[in-house]
Amino acid sequence: MTRRTVAVSAPGKVLVAGGYLVLDRSHTGLVFGLDARIHVHVQKLPPSTGVVLSEIVVRSPQFRDAEWRYGYCEVKDHGGFQITQLKGHSTSVQSRNQFVETALAYTLSYISAISNTTIGSASVTILADADYYSHPGSTARTDPAGFIDFEGSLSEAHKTGLGSSAALVTAFVAAVLTYYLDEDQLTLRSDSGRRRLHNLAQAAHCAAQGKVGSGFDVAAAVYGSCVYRRFSPSILEELGEAGSPQFSKRLTAVVEELDASNTWDMQIDKAAARIPCDLRLAMCDVDCGSESVGMAKKVLGWRKENADEAALLWATLQKGNEEFAAELLRLAEGTTTDSRDYKNLSDILLTIRSLIREMSAKAEVPIEPKVQTELLDACCGIHGVVGGVVPGAGGFDAVALLVENDALPSLQQFLDTYKTPSSNDGGPGIGKVRLLSVKQDWEGLRSESVETYTDWIR
């Protein structure tokens, strides 16, 4: 059977309100999808010398030596698929690509459980829009779709914090599902098909990370901008390791919610996530990045040791976050864009930042480091910049600003010359700041035209 070539993309994200709180089902997060996307293209593996039977080749051609070749076989006793990296054939210097490998194992295991389709060899190409990485290098090689050659290895690339791993896993899972399954088995155009994709991508992403996260990033990759309340971690507790006995059956039960007592209970409210049409969500890259996993452990450790104090602070933050989302919604639903007053929105953001700095000091975690405070304060002094935050887990990822559309040139001009020295609190200086080209986007996962990627496929 000749399978059709497919291409899928998923958006990045920015959690503008609800960092850390979104880990707890008692709280919510306001997450906006971005128009920077991760793209995955799947086609039949072209014949060539050295190709191993039952082989899937994954390439990321924007980086040097980024190719992974996988052998795969079905495990007895409904264990799903076992994936083996064929190191003798891979050009990548990476020992493993955990996100790709795990997503592949989970997706093939699920396909084998619901379909008798033959898993033939395939070629998978991953492409990222430029703003996922800092200082992307020369734009000498570009194509009409805007993809660039990052001119370096994947290990050397600095992420900007736009949610590349969740977008990658989501787009990868969706593309592989679409490639191997017929539309009567699963279609991403249906609500049920998209929900099954969401459940499978969440399971694969959590397994690749080695922990059960809140899932807001995968939810945004599937559904786009929303107010999000996390799923119960217990949903994935009994899933076990890929390849273990009965794994594909357990995975299918989780994905398809076959156990009425173990259904996915996340809440995704797209209607509550709005931005007025004359405001833009702008991202400023500081080219540092943070280890959000380590920061989260410290914050949660502080919360556990100081339960009453933390509960009060988190409740106050939740109230501020809800006021922020409600004010954005009120402004977005207004009847006029002339002379709109954003003072209340600005004041709410300042209050949220103050509470975040309080939590940062108490937990001894640099959620809003001094250099980021200086950058945000400086940007907020520009006419037309309503306010901003260090989004998500904070640290040194790109900061998020709400900017009136006609103020973007002034912001760009200011950032072209902005620099800050190393902070006196031991943190790094952020040096050059780059205004990313991304903005808010409402669309989640989508199918793409395969012709878009012609210049990058081989």
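## Basis of the model

Because the structure is predicted, local features need pLDDT of at least 70 and side-chain atom pairs count only at pLDDT 80 or more, while totals for chains, interfaces and linings use all residues. Residues are numbered from 1 along each chain as its sequence is written, and side-chain values use heavy atoms, with hydrogens and water left out.

D149 sits in the loop that runs between β6 (122-128) and α2 (164-180), where helices (H or I, at least four residues) and strands (E, at least two) are DSSP runs numbered from the N terminus. With a relative accessible area of 11%, D149 is buried, a word that stands for under 20% relative accessible area with a 1.4 Å probe and protein chains only.

The side chain of D149 makes a polar contact with the side chain of R64 at 3.0 Å, and a polar atom of the D149 side chain also lies 2.8 Å from the backbone nitrogen of E151. A polar contact is a pair of N or O atoms within 3.5 Å, and within protein one must be able to donate a hydrogen and the other to accept it.

## Helices α7 and α8

Helix α7 (residues 307-332) packs against helix α8 (residues 343-363) at an angle of about 155 degrees, with the axes 10 Å apart. This makes α7 roughly antiparallel to α8, a label for angles over 145 degrees. By class, the contact of α7 with α8 has 13 nonpolar, four polar and five charged residues.

## Helices α1 and α3

The axes of helix α1 (residues 98-114) and helix α3 (residues 191-209) come within 9 Å and cross at roughly 140 degrees, and α1 and α3 are therefore oblique to each other. The contact includes F99, Y106 and Y110 of α1, together with R196, L200 and H205 of α3. By class, the contact of α1 with α3 has ten nonpolar, five polar and one charged residues.

## The buried residues of α9

In helix α9 (residues 370-380), the buried residues are V371, Q372, T373, L375, L376 and C379. What covers these residues includes α8, β10 (385-389), β11 (399-404) and α10 (408-416).

Definitions and conventions:
Buried < 20%, exposed > 50% of the residue type's maximum accessible area, 1.4 Å probe, protein only. Axes fitted to C-alpha atoms, helices over the stretch in contact; angles between N-to-C directions. Parallel < 35°, antiparallel > 145°, perpendicular 65-115°, else oblique. Nonpolar A, V, L, I, M, F, W, Y, C, P; charged D, E, K, R; others polar. Contact = heavy atoms within 4.5 Å.
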